[in-house]
Amino acid sequence: MVAIHGENIPVTHDHDEKPAFFERWFYSTNHKDIGTLYLIFGIISGLIGGFLSFMMRMELAAPGIDIFTNEHTYLVFVTMHGLIMIFFMVMPALIGGFGNWFIPIMIGAPDMAFPRMNNLSFWLLPVALICLMVSFFVPGAASGNGFGGAWVMYPPLSTTGSPGPAFDFIIIGLLAAGFSSIFGAINFITTILNMRAPGMTMHKMPLFAWSVLVTAFLLLLALPVLAAALFMLLTDRIEGGTAFFDPARGGDPQMFQHLFWFFGHPEVYIMILPAFGIISHIISTFSKKPIFGYLGMAYAMVAIGVVGFVVWAHHMYTIGMDVNVKAYFVLATLVIAVPTGVKVFSWLATMWGGSIRFTVPMMWALGFIFLFVIGGVTGVVLANAGVDTALHDTYYVVAHFHYVLSMGAVFGIFAGWYYWFGKMFGFHYSGFWSRLHFWLFFVGVNVIFFPQHFLGLNAMPRRYIDYPVEFEFWNQISSYGAWITLASVAVFFIMLLEAFFMRNKRRVGDNYWGEGATTLEWTISSPPPYHQFSILPRIDHGDTDTHEEVDEAYARKEGDV
Amino acid sequence: MRAINAMLSTMGVGVLSLMAAGSALAQDKQVGPESGAWFFQESATPVMDDLIWVHNMVQIIITAIVIFVMVLMAYILIRFRESKNPVPSKTSHNTLIEIIWTVVPVILLVIIAIPSMNLLYKQDRLPETEMTVKVVGNTWNWLYSYPDYEDVNEWVSNPLDETQATEVGQPYLLATDAPLVVPVGTKVKVLVTSINNMHSWAVPSFGVKMDAVPGIINETWFEVYEEGTYYGQCSEICGIRHYYMPIEIKVVSKQEFARFIAGGGQPVDKLAALNTNTTGGAAVVAANE
């Protein structure tokens, strides 16, 4: 998309001395090191969250209560799976990990605008996760340890229904994670708006930068609302404290749901938008074509972000809202299908006429489109409040949001991981293990979640440890999928180990994907120097959306080196 | 609960015999989830008929969209693979096609929105109802009463444990000791509230799901076509026994319902069949208030 003047490719080796281990990884202010920390953190959280969901699936494999000795513990697992996957896996990986790593490089900046705040953003997260882990082991309700009120935390279950300290730990942890995200959002917005290299106008900015910019605004506007709602819960929980949500003292429990989902709906776009950005880069790279309808793609994300703030009550169709309010939320929700459709069709149009290579990241990206479309269209079904009456709080909803998250956001993460692996670490992974990982994961998550549509249509409610025997068949199938997915996780780690041990044999160059990879990260070494762009790159002002010019730019660059 | 845990391992065997035993009851029609089913439960009300119709219409549209996208993607991947098409085109804009893929989805959404709105208003705007039942969510059972009939006391509907359910030939985790009783072919208004945690009163075959929120009385309605026993389950997380507060509704003829009310609201058949010493029964409830 952008052409780079060869004479401005910075020589950075003079600034490449790295600090000692402790200083480097604990005091870190380097955006790439912080990005790496975020990615490692995301992998660890993903393992914890994945373990919780695997245990849930094993419990549900057959009717009866077979694995958990306490029904409360099952609900704690449900709750923590949701919170950990959202706040500690997807968000840190996509925004903290890839965002930190590649936003400064892509816009031609040496680092983030506020490197020390960046350090704070990261280190708040382990603190938050520790709070959540502590909450597992302290009393929640009378029935056991931990908080079992689901990630939505609706009062009165989260106030009078969970008197123990477990939920207080969760509140503190989520507030810490929330502040981490708010600081990160401020950092990204400032960096993207102020630190773009000369010539890098907003309309030349790579789509991943656009996606993170929109995401950062969503975070900045949505998370304070969650923080406020959590504070209100906290003071409501104090004996004789406030009564924001206590109907006996004039409060309104429905108000919490409005506050929560005013945050919660933008949150789902916070999780998926960065994945959109990554997918755009990968589709473009491996079709060897510039992205189709760049402006439409960028503004579709802006539109999704804006409309995402006015549809929240579609999560609450059954709480007893006025019918006209529901009608509004139905229509507003349906509107989101339009920009989302624009994105899907633009990806297809990007591939049209391209020269498509089936590399590993491309497979994840194609898998993303396939599964995101399925998850997206079931969203259109759920948007209709009338139909949602039958489907609300059933496994249909579980299937829907796992298709867009477990297969949308997570496919986006793995796509980015395999796309930038060589760039981040300087060596390549094995084609065999990475492809095996893809296929096992692809089959596994589909076997888990596709049957859940059927369970939901037949009205199996969510968050049930035990179910009528009629639901056994599809639950059993779904649990087989959990085993396949478990195998894929094992293969992922084999892939990592194998790649690490073979690293010296698989060193990669600056632009190992070749012709189609046109953004700035492909102009610097792999791994990039400790500090890049000491001299800012200059981006061409002409219409550079054609291949000749990009090729010329590379030719110039290569001639220069 | 521990007892139930221990007994559950034998559960798999009971299903078929359960259905056979079910037919021996006074009401032979039982509507709930079906083994291995992949679609809605049988519809029992006009609202559920419409709901299934709107769902099916949307389902046809989205299936067409998914097939279209998949076929197009497969075509692109085959035709424009690197070995076949080594030189990529440079096209990155086409105003006409961008307008088409914005406008066509808008048209599809309008096509979806019209019947969707009809359904929503039909479901949500109560018609002239002929009677009212009050449903109160409690942790973890349901309280039922008839505001229209002062002589009938509120009663608790507790789940049957596995032994009891097998005994009366009804499905475990769906059957209760004292179902809500309503007349067939009657527009029934339902008032739903809660006295502690949130719950949700859901009867899939009626197309009804209404949250029970403390401090707020929600209303919905249904009109059942046929006599029979209909099952539902609590559908809003409410604590440790969220999975163990089923909903059972016995739909009887208008004459039988009149007798039921005249008799003080004792759900006769069920209790006779259930001669074990269950806790709640149709007993009058003084607690929980």
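## Around B:W201

B:W201 touches B:V135, B:W142, B:Y144, B:L180, B:V190, B:V192, B:V208, B:K209, B:M210, B:F222, B:I247 and B:I249, leaving aside residues up to four places away in sequence. Contact means heavy atoms within 4.5 Å.

This is a predicted model, where local features need pLDDT of at least 70, side-chain atom pairs count only at pLDDT 80 or more, and totals for chains, interfaces and linings use all residues. Residues are numbered from 1 along each chain as its sequence is written, chains are lettered from A in the order in which they are written, and side-chain values use heavy atoms, without hydrogens and water.

## The largest nonpolar core

The largest nonpolar core has 280 residues. Among them, A:F98, A:M351, B:Y146 and B:W201 touch the most other members. Helix α3(A) gives the most to this core, with 24 residues. Such a core is a set of buried Ala, Val, Leu, Ile, Met, Phe, Trp, Tyr and Cys residues joined through side-chain atoms within 4.5 Å. Buried means under 20% relative accessible area (1.4 Å probe, protein chains only).

## Aromatic pairs

The whole structure holds 94 aromatic pairs over all chains. Rings of Phe, Tyr and Trp (its six-membered ring) pair if their centres lie within 6.5 Å; planes under 30 degrees apart count as stacked, over 60 as edge-to-face and the rest as tilted.

A:F87 and A:F263 are stacked, 6.0 Å centre to centre with 10 degrees between the planes. They are 176 residues apart. A:F87 and A:F263 are both buried.

The rings of A:F454 and A:W474 have planes at 55 degrees and centres 4.7 Å apart, so this pair is tilted.

Technical notes:
Helix = DSSP H or I, 4+ residues; strand = E, 2+ residues; numbered from the N terminus. Buried < 20%, exposed > 50% of the residue type's maximum accessible area, 1.4 Å probe, protein only.
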